[in-house]
Amino acid sequence: MKLLVDERDLKFVLYEQLNVEDLCKYPLFSEYSKEMFDMALEQAEKLAEQEFYPTNKKGDKEGCRFENGLVTVPESFHQPYRLYCEGGWLAMADDPEVGGQGFPFTVSNACVEFFAAANWALLMYPGLTHGAARLLQKYGTPELQEKYMYKMFSGEWGGTMCLTEAGAGSDVGNLRTRAVPQGDGTYKIEGQKIFISSGMHDLTENIVHMVLARIEGAPKGTKGISIFLVPRLLVDDNGNLVDNDVNCGGIEHKMGIHGSATCVLNFGENGKCLGFLMGEPNKGMRIMFDMMNEARLFVGMQGLAHASTAYLHALQYAKERVQGTPVEKMKDPGAERVAIINHPDVRRMLMFMKSSTEGLRALMHLAAYCLDRVRVAETDEERDLYQGYVDLLIPICKSMGSDLGFRVCETAVQVYGGYGYTSEYPVDQFLRDCKIASIYEGTNGIQALDLVGRKIAMKRGLLFKNAAKFSAELTAKFRKNYRMREVLEIYEEAAESLIQVTKFFGLKGMTDEFHVPILYAKPYLDLFGDVTLGLLLLWQAYIADRKLFEIYADHGAKDDKARQAVVASNRSAAFYAGKIASARFWMTQVLTQAPGKARAIMTSDKSPLEIPEEGFALV
């Protein structure tokens, strides 16, 4: 049993739900085909299983080391990193002009799922490099691109984003890092950044940092922030690498992702750190968001990947672990012991893991597909439509991926029982590694504020209206299938609850109770995510139901007994039946709670705001 990604489900999302091969009809992807996509997926799975996954546990135990100002990653990481770069995986979806392969981002994202499930800590190094390289491609001068960009896209050099400071944290506008103009187009950079993933390591000779700083005299707050390219080693006019006064002050000792170096970086301790402005002065936050959106989808993929491998490991364990008797023979001391997958509570947990993982997979790859549709759009209206979908989906991807992914990992530990709490089995590492996803790249509370404060209000609510229209058009097709009416009714009630809360927030935002949408932004985001996954799983069930009845027809199965026999003996039929089961479980066990969640939000209870600080605890 393969324990990283359910390849059959991944291909279902790509080819049966999203019809990703249709992208090949556009000039940008006309040289590609489904066969090429399958080949890429096969090679990604092979590299992930053979090279990435064996180093995951080793990297967790060994961790990164900081000695004499230098950081070393686990020794086992070097070979898979080299093979990953040599295979062109880092720039798989980028333009051949920068060394990329030009694949659709949807396919590249699908390949990422294998690597992320195999060893997330290792994948972070090239993942962050890619985001920094893309920023340089869009905002850097030709000279800077020539010196740094190509070696970043190849993976020969690394890259990071440097936002967080000890005194600022998520309050980016309060940063203290300074940029002093030198009169020749360069800036002296002075300041300290913390929690910088991949900030220093020995996988690459050089690391190029994207650093947020304030130019002397710039406005306070986020409006006065600029972004600078600050390499660890400068490329001089002769092509030589020279020190740029970027030093590591230490690495963090963390709950998980031990193989990922999380660094304190000191810029300009000796007054000799040079940076190069990206884009226009004081536009740093807007520019950084180009990189942040990619990073937030990447983090959502982390949650999906950890959920995927945790679920598959737990499923295998449940099939092999013999304990207890069938529930109907509990009082028979002589009854034969059975695998725990036969126990109802274990099956309930596995169904939660299965439906959550499948919903997340559809969500992440839908977002990637929308990004591709932006790239190939033939009209401004089409481009704006799909960009609107992306803008709305990103905070949902990041938050749902990380929160739900962690819950799946937590449930995997529960399936293993006491063994899950030990390091003998891998699920404790999945849980530890996954937890950071809800925190970095903007906490999930910040994702909620982004959704409520920006995305829902954009263009007078047009993004939400377009999403609601898409949902209505899709469910209109489902309504024609009488077998789906019961679960469709549950979804529609949940969707209506979401619409009512959205209108409620709009009204509150225009009164002196504007803090209510802020207070309940995260519960709203959770509700939005539940409904979104519900739609995607319902969509999958609709496809699966049609395919399943085609299989029944092929086998001449006309009654329930005959159909059950087909499902029991035919792997394709079992797969499609499983998709329908996932949708039913999500509707009945998750979306039935949506009206209650909506009512809870709309009570406008202000007790969290009204309680005095001393009321929390007298300590």
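Analyst: What follows describes a helix pair, then the core, then two further sites for context. The model is predicted, and the description should be read with that in mind.

Start with helix 13 (residues 462-478) and helix 14 (residues 485-508), whose axes come within 12 Å and cross at roughly 165 degrees. An angle over 145 degrees counts as roughly antiparallel, and helix 13 and helix 14 are therefore roughly antiparallel to each other. Their crossing is left-handed. On the helix 13 side, the residues that meet helix 14 are Phe 464, Ser 471, Thr 475 and Phe 478. Their partners in helix 14 are Leu 488, Tyr 491, Glu 492, Leu 498, Ile 499 and Thr 502. Sorted by class, this contact has six nonpolar, three polar and one charged residues.

Tyr 524 ties into this pair. Setting aside neighbours within four places in sequence, Tyr 524 is in contact with Phe 464, Leu 498 and Thr 502, among others. Phe 464 belongs to the helix 13 side of the pair, while Leu 498 and Thr 502 belong to the helix 14 side. The contacts of Tyr 524 also include Leu 451, Val 452, Ile 456, Val 501, Phe 505 and Ile 601.

The largest nonpolar core has 180 residues, and within it Leu 363 and Tyr 524 touch the most other members. Helix 16 (residues 521-554) supplies the largest share of this core, 19 residues. There is also a second, separate core of 33 residues, with Met 152, Met 161, Leu 175 and Ile 227 among them.

Next comes Phe 352, which lies in helix 9 (residues 344-376). Buried means under 20% relative accessible area, so Phe 352, at 10%, counts as buried. Beyond its neighbours within four places in sequence, Phe 352 is in contact with Leu 404, Arg 407, Val 408, Thr 411 and Phe 585. The C-alpha atom of Phe 352 is separated by 9.5 Å from that of Tyr 311, and these two residues are 41 residues apart along the chain.

Another helix pair can be set beside the one above. Helix 2 (residues 34-52) and helix 3 (residues 54-62) pack at an angle of about 45 degrees, with their axes 5 Å apart. That angle makes helix 2 oblique to helix 3. Ala 48, Glu 49, Gln 50, Glu 51 and Phe 52 in helix 2 meet Pro 54, Thr 55 and Asn 56 in helix 3. The residues of this contact divide into three nonpolar, three polar and two charged.

Conventions:
Residues are numbered from 1 along each chain as its sequence is written. This is a predicted model: local features need pLDDT of at least 70, side-chain atom pairs count only at pLDDT 80 or more; totals for chains, interfaces and linings use all residues. Side-chain values use heavy atoms; hydrogens and water are left out. Axes are lines fitted to C-alpha atoms, for helices over the stretch in contact, and angles run from 0 to 180 degrees between N-to-C directions. Helices (H or I, at least four residues) and strands (E, at least two) are DSSP runs, numbered from the N terminus. Angles under 35 degrees count as roughly parallel, over 145 as roughly antiparallel, 65 to 115 as roughly perpendicular and the rest as oblique. A crossing is left-handed if the near helix is turned anticlockwise from the far one by less than a right angle, and right-handed if clockwise. Contact means heavy atoms within 4.5 Å. Ala, Val, Leu, Ile, Met, Phe, Trp, Tyr, Cys and Pro count as nonpolar, Asp, Glu, Lys and Arg as charged, and the others, Gly among them, as polar. A nonpolar core is a set of buried Ala, Val, Leu, Ile, Met, Phe, Trp, Tyr and Cys residues joined through side-chain atoms within 4.5 Å. Buried means under 20% relative accessible area, exposed over 50%, partly exposed in between (1.4 Å probe, protein chains only).
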